Amino acid sequence: MQPVSKAAAAYASLRKSIRVGDLEPGERVTLKRLSEHLGMSLTPVREALSRLESEGFVVHDPHRGTSIAELTPARIEQVYRLRGVLEPMAVRLAGERATPADIDRLRELVLACDEATTPLEVVENNEDLHLAIYRLSGDSLLLGFIDQLWAGMPYPSLGLYGSQSRVSQSSQEHHRIVEAMAEGRLDDAAETMRLHIDHGRAAALKNLDAD
């Protein structure tokens with residue numbers, strides 16, 4: 001295993017901070033502040049910020065400086081529109097390759113979602129389940145696209161975050177998706193995932209409007 005470069009480590013740390021909401025949408029950041037926070041020199045942090053900017057996670061304005069990208073209704077629509085295409089495809093591929101042991105593991109992850117007790121646990125366990133399904137597709141390129149879309153939605157912005165009604169609805173959908181995969185009903189699994197994502201889109205927009 002090759003060692004992770006300082007720039008890659010800075011990128012991973014900053015992306016996680018954006019994801020969990022420690023760096024909030026619209027928040028202004030400086031290279032000096034981030035370097036001090038990460039305990040790194042300016043160069044790797046500058047490289048990390050450049051990569052984050054190219055991926056749309058931060059924006060730079062010559063007059064206002066650098067800030068975390070704002071989450072807008074248009075951005076949410078864009079992310080969920082792409083998810084609605086890619087993730088049902090990944091579910092179908094995963095269902096074709098999944099072994100009984102894989103299905104058992106997915107059922108365990110579904111139960112972990114059901115048993116989560118805090119908003120952060122809910123969204124983290126939800127992500128673990130989804131990405132476990134998509135990894136079974138065996139398509140690393142597809143998984144990379146999906147991972148980047150997920151990273152573009154900070155946890156507090158998700159409809160699951162603090163909404164018990166959405167958590168309950170999501171749980172039912174998780175069970176239906178995994179059981180459809182287990183029974184080889186891949187059309188049903190893909191369609192349920194598409195609906196699941198659309199419900200998530202509506203909840204995320206509602207969450208944004210509530211803010």
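This is a predicted model: local features need pLDDT of at least 70, side-chain atom pairs count only at pLDDT 80 or more; totals for chains, interfaces and linings use all residues.

User: Where is asparagine 126 found?

Analyst: Asparagine 126 lies in helix 6, which covers residues 119–135.

User: And what is asparagine 126 in contact with, leaving aside its neighbours within four places in sequence?

Analyst: With those neighbours set aside, asparagine 126 contacts Cys113, Trp150, Leu160, Ser170, His174 and His196.

User: Let us turn to helix packing. At what angle do helix 5 and helix 8 pack?

Analyst: Helix 5 (residues 100–115) and helix 8 (residues 164–182) pack at an angle of about 175°, and their axes are 10 Å apart. That angle makes helix 5 roughly antiparallel to helix 8, since angles over 145 degrees are counted in that way.

User: Which residues make the contact?

Analyst: Helix 5 contributes Ile103, Leu106, Arg107, Val110, Cys113 and Asp114. From helix 8 come Ser171, His174, His175, Val178, Glu179, Met181 and Ala182.

User: How do the residues of that contact divide into nonpolar, polar and charged?

Analyst: Seven residues of the contact between helix 5 and helix 8 are nonpolar, three are polar and three are charged. Two residues in this contact, Cys113 and His174, are also among the contacts of asparagine 126.

User: How many bridges join strand 2 to strand 3?

Analyst: Four bridges join strand 2 to strand 3, which spans residues 65–68. Strand 2 and strand 3 form a hairpin, with three residues between them.

User: How many join strand 1 to strand 3?

Analyst: Two bridges join strand 1 to strand 3, and these strands run antiparallel.

User: Which residues stand opposite serine 67?

Analyst: Valine 59 stands opposite serine 67 of strand 3, and arginine 28 stands opposite serine 67 as well. Valine 58, in turn, has isoleucine 68 of strand 3 as its bridge partner.

User: What does the side chain of arginine 15 make a polar contact with?

Analyst: The partner is the side chain of aspartate 147, at 2.9 Å. Not counting residues up to four places away in sequence, arginine 15 touches Leu52, Phe57, Asp147 and Ala151.

User: Finally, where is leucine 23?

Analyst: Leucine 23 is in the loop between helix 1 and strand 1. Leucine 23 counts as buried, at 7% relative accessibility.

User: What does leucine 23 touch?

Analyst: Residues up to four places away in sequence are not counted here; leucine 23 touches Leu14, Ser17, Ile18, Val29, Arg33, Leu34 and Ile68. Isoleucine 68 is also the bridge partner of valine 58.

User: How far apart are leucine 23 and arginine 46?

Analyst: They are 23 residues apart in sequence, and 16 Å separates leucine 23 from arginine 46 in space, C-alpha to C-alpha.

Key. Residues are numbered from 1 along each chain as its sequence is written. Side-chain values use heavy atoms; hydrogens and water are left out. Two strands pair if DSSP finds at least two bridges between them. Axes are lines fitted to C-alpha atoms, for helices over the stretch in contact, and angles run from 0 to 180 degrees between N-to-C directions. Angles under 35 degrees count as roughly parallel, over 145 as roughly antiparallel, 65 to 115 as roughly perpendicular and the rest as oblique. Contact means heavy atoms within 4.5 Å. Ala, Val, Leu, Ile, Met, Phe, Trp, Tyr, Cys and Pro count as nonpolar, Asp, Glu, Lys and Arg as charged, and the others, Gly among them, as polar. A polar contact is a pair of N or O atoms within 3.5 Å; within protein, one must be able to donate a hydrogen and the other to accept it, and residues adjacent in sequence count only if both atoms are side-chain atoms. Buried means under 20% relative accessible area, exposed over 50%, partly exposed in between (1.4 Å probe, protein chains only).
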